[in-house]
Amino acid sequence: MQKEVPVANKIKTDLHEILQIRHLTDSTFVLRIERKGLTFQAGQHVCVGPPNGIHTREYSIYSAEQDDYLEILVKEVENGLVSPSLKKLKSGGFVVVEEPVGYFTINKALPKNQKYVFIASGTGISPFHSFVLSTPGLNYTLLHGVRHGDEAYDADAYEAGRYVLCTSRDDSGNYKGRVTQYLKKHPFGTDVHYYLCGNCNMIHDVYDILEEQGVSTDNIHAEVYF
């Protein structure tokens with residue numbers, strides 16, 4: 001999740017060393033930083049910003065609960081207040097990190113064999129990457145909507161047959177078209193828990209589709225990226 005938050009208005013900030021920057025595309029990269037004992041649940045987010053800046057942004061945690069580091073997936077936004085500065089940082093530098101927060105998490109009271117459908121657009125895949133890595137054996141299907149196939153961020157992290165890449169601008173994915181079109185043609189049923197993360201238009205459209213398919217709103221969980 002990416003939302004501008006003035007650092008001065010927040011508390012419990014800390015400096016964390018950058019351990020690695022891994023570039024996935026020209027504009028998208030994974031920032032790995034020291035964890036320093038922070039605890040979180042998969043699906044939560046942290047506010048991150050440059051060490052001398054006045055703004056942070058919310059980023060869903062990309063790494064697993066059991067990792068000894070934190071990772072976030074960042075897409076550089078042209079003229080953005082935070083992401084261009086983060087892209088310029090190097091390993092050994094520092095970023096401001098605030099404590100993990102958020103409720104976009106899996107209900108652990110649900111049966112272990114509960115079926116989940118994760119629906120993401122772009123870097124909205126971040127919390128689902130953390131879900132899957134944190135919970136081996138999770139019964140899921142992940143629908144990832146992007147424009148081009150090179151935006152299939154770390155697709156090899158997901159089990160074969162569980163990751164469906166929907167590409168709207170080329171035919172290099174598993175499905176040519178928007179993720180919403182795929183969902184219309186391939187309903188998953190009403191006993192599934194659906195998690196949606198991405199831009200607001202996608203989320204609104206998916207809500208409408210699921211409602212038409214008879215899915216209860218109790219089974220739909222959403223996190224909007226800004």
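Leaving aside neighbours within four places in sequence, Thr 141 is in contact (heavy atoms within 4.5 Å) with Lys 115, Tyr 116, Val 117, Phe 118, Arg 162, Val 164 and Phe 188. The model is predicted, so local features need pLDDT of at least 70 and side-chain atom pairs count only at pLDDT 80 or more, while totals for chains, interfaces and linings use all residues. Residues are numbered from 1 along each chain as its sequence is written, and side-chain values use heavy atoms, with hydrogens and water left out.

Thr 141 sits in strand E9, residues 139-146. Strands (E, at least two residues) and helices (H or I, at least four) are DSSP runs, numbered from the N terminus. Thr 141 is buried, at a relative accessible area of 10%. Buried means under 20%, exposed over 50%, and partly exposed in between, with a 1.4 Å probe and protein chains only.

E9 belongs to an open sheet of six strands. The order is E11-E10-E9-E8-E12-E13, with parallel pairing. Two strands pair if DSSP finds at least two bridges between them. Strand E11 (175-176) and strand E13 (220-224) are the edges, each pairing on one side only. E11 runs parallel to strand E10 (residues 163-167), joined by two bridges. Thr 167 has Lys 176 in E11 as its bridge partner.

Helix H4 (residues 200-212) lies across strand E8 (115-121), strand E12 (193-198) and E13. H4 runs at about 160 degrees to E12. Axes here are lines fitted to C-alpha atoms, for helices over the stretch in contact, and angles run from 0 to 180 degrees between N-to-C directions.

Now the other domain. The domain assignment gives domain 1 (15-97) and domain 2 (115-225); such bounds come from an automatic or database assignment. Strand E3 (residues 28-34) and strand E6 pair in the antiparallel sense over seven bridges. Ile 33 stands opposite Leu 70 in E6. Six of the seven residues of E6 (residues 69-75) are buried, so E6 is largely enclosed by the rest of the structure.

How do the domains meet? Their centres, taken over C-alpha atoms, are 23 Å apart. In contact are 18 residues of domain 1 and 16 residues of domain 2. The two domains bury about 1,400 Å² between them, 51% of it on carbon and sulfur atoms. Ser 60, Tyr 62 and Leu 73 of domain 1 lose the most area to domain 2, together 38% of what that side buries. Buried area is the accessible area (1.4 Å probe) that two parts lose on being put together, summed over both.

One salt bridge is counted between the domains. Arg 22 forms a salt bridge with Asp 154, the closest N and O atoms being 2.9 Å apart. The term requires a side-chain nitrogen of Lys or Arg within 4 Å of a carboxyl oxygen of Asp or Glu.
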